[in-house]
Amino acid sequence: MMDTKLFLQALSKFLIGLIIICILLFVPAGTIYYPNGWLFIALLFIPMFIAGTIMFIKAPDLLRRRLNAKEEEEEQKLVLLLSGIMFLLAFILAGLNFRFGWFKLPTIAIIMASIIFLIAYAMYAEVLRENAYLSRTVEVSENQKVVDTGLYGIVRHPMYTSTIFLFLSMPLVLDSILSFIVMLVYPIIIIFRISNEEEVLEKELDGYKEYKEKVKYKLVPYLW
């Protein structure tokens with residue numbers, strides 16, 4: 001039987017996100033004829049719709065957790081605020097860059113960024129498949145277990161690894177080097193988030209300390 005409430009919640013968030021992105025890109029651009037804006041929207045929202053549909057059918061509990069964005073940790077509320085400001089600036093600058101023609105990237109850079117974006121999206125989808133407890137907030141769910149296989153056997157936070165590639169390729173897809181400079185703040189935000197998240201996991205998730213000893217690297221193998 002279809003969960004109507006979950007369906008409406010997911011659909012409304014999807015549509016609201018689409019509308020907000022369109023406003024942030026096309027209003028500063030002064031036109032809807034912003035090809036890179038439409039390219040980005042296609043790369044972002046078509047896979048998102050497919051992934052959301054699969055989760056709704058196969059893993060509704062995971063989808064429900066992914067839709068919950070209310071943080072309880074004070075440190076993470078600051079992270080969300082900074083991330084929100086960063087995204088606002090990045091999208092608005094991308095639109096303004098197109099409108100006034102400040103800087104243009106070579107076509108090959110946009111193509112490569114689009115490929116990286118899709119690869120990172122596929123990695124993100126694999127993380128969702130591997131970890132049924134994955135939430136958008138820092139929390140430990142009831143009966144949650146440590147996942148140490150697949151990508152989690154390589155780094156402790158593969159979701160954040162994938163989002164770093166996603167968010168750093170995003171402004172290049174939008175043909176905006178200024179937005180890319182703004183998005184360089186994101187890895188710093190993620191480092192701060194991970195520090196707090198691991199404190200919570202060590203306290204509340206059985207076996208996480210042992211997992212940290214087994215998997216040494218947080219984001220990038222042999223680096224950090």
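This is a predicted model: local features need pLDDT of at least 70, side-chain atom pairs count only at pLDDT 80 or more; totals for chains, interfaces and linings use all residues.
Aspartate 175 pairs with lysine 104, their closest N and O atoms being 3.0 Å apart. Aspartate 175 is buried, at a relative accessible area of 4%, whereas lysine 104 is exposed, at 64%.

Let us move to glutamate 198. Its side chain meets that of arginine 156 in a salt bridge of 2.8 Å, N to O. Glutamate 198 belongs to helix H8 and arginine 156 to the loop between H5 and H6, so parts that are 42 residues apart in sequence are tied together. Glutamate 198 counts as buried, with 4% relative accessibility, and arginine 156 is buried with 6%.

Glutamate 198 also forms a salt bridge with lysine 212, at 3.7 Å, N to O. Lysine 212 lies in helix H9, so this pair ties helix H8 to a part 14 residues apart in sequence. Through shared partners, salt bridges join Arg156, Glu198, Glu202 and Lys212 into one network.

I turn now to the aromatic rings. The count comes to 15 aromatic pairs. One of them, phenylalanine 100 with tryptophan 102, is stacked, with 5.6 Å centre to centre and 20 degrees between the planes. Phenylalanine 167 and tyrosine 186 form an edge-to-face pair, with 4.7 Å centre to centre and 85 degrees between the planes. That pair links helix H6 to helix H8, its members being 19 residues apart. Phenylalanine 167 and tyrosine 186 are both buried. They belong to a cluster of linked rings that also includes Phe40, Phe87, Phe91, Phe117 and Tyr121.

Which residues touch the most other members of the largest nonpolar core? Among the 56 residues of this core, they are Leu25, Phe40, Phe91, Phe117, Met170, Leu174 and Met183. Helix H1 gives the most to the core, with nine residues. Leaving aside residues up to four places away in sequence, phenylalanine 91 touches Ile21, Leu24, Leu25, Phe40, Met170 and Leu174.

Finally, the surface. Phe7, Leu8, Leu11, Leu15, Ile19, Ile23 and Val27 form a nonpolar patch there, with about 610 Å² of accessible area together. Phenylalanine 7, found in helix H1, is partly exposed, at 34% relative accessibility. Thank you for your attention.

How values were computed
Residues are numbered from 1 along each chain as its sequence is written. Side-chain values use heavy atoms; hydrogens and water are left out. Rings of Phe, Tyr and Trp (its six-membered ring) pair if their centres lie within 6.5 Å; planes under 30 degrees apart count as stacked, over 60 as edge-to-face and the rest as tilted. Helices (H or I, at least four residues) and strands (E, at least two) are DSSP runs, numbered from the N terminus. Buried means under 20% relative accessible area, exposed over 50%, partly exposed in between (1.4 Å probe, protein chains only). A nonpolar core is a set of buried Ala, Val, Leu, Ile, Met, Phe, Trp, Tyr and Cys residues joined through side-chain atoms within 4.5 Å. Contact means heavy atoms within 4.5 Å. Patches are made of residues with over 30% relative accessible area and no salt bridge: like charges are joined within 9 Å, nonpolar side chains (Val, Leu, Ile, Met, Phe, Trp, Tyr) within 5 Å. Accessible areas come from the Shrake-Rupley method with a 1.4 Å probe; for residues, only the protein chains shown count as cover. A salt bridge is a side-chain nitrogen of Lys or Arg within 4 Å of a carboxyl oxygen of Asp or Glu.
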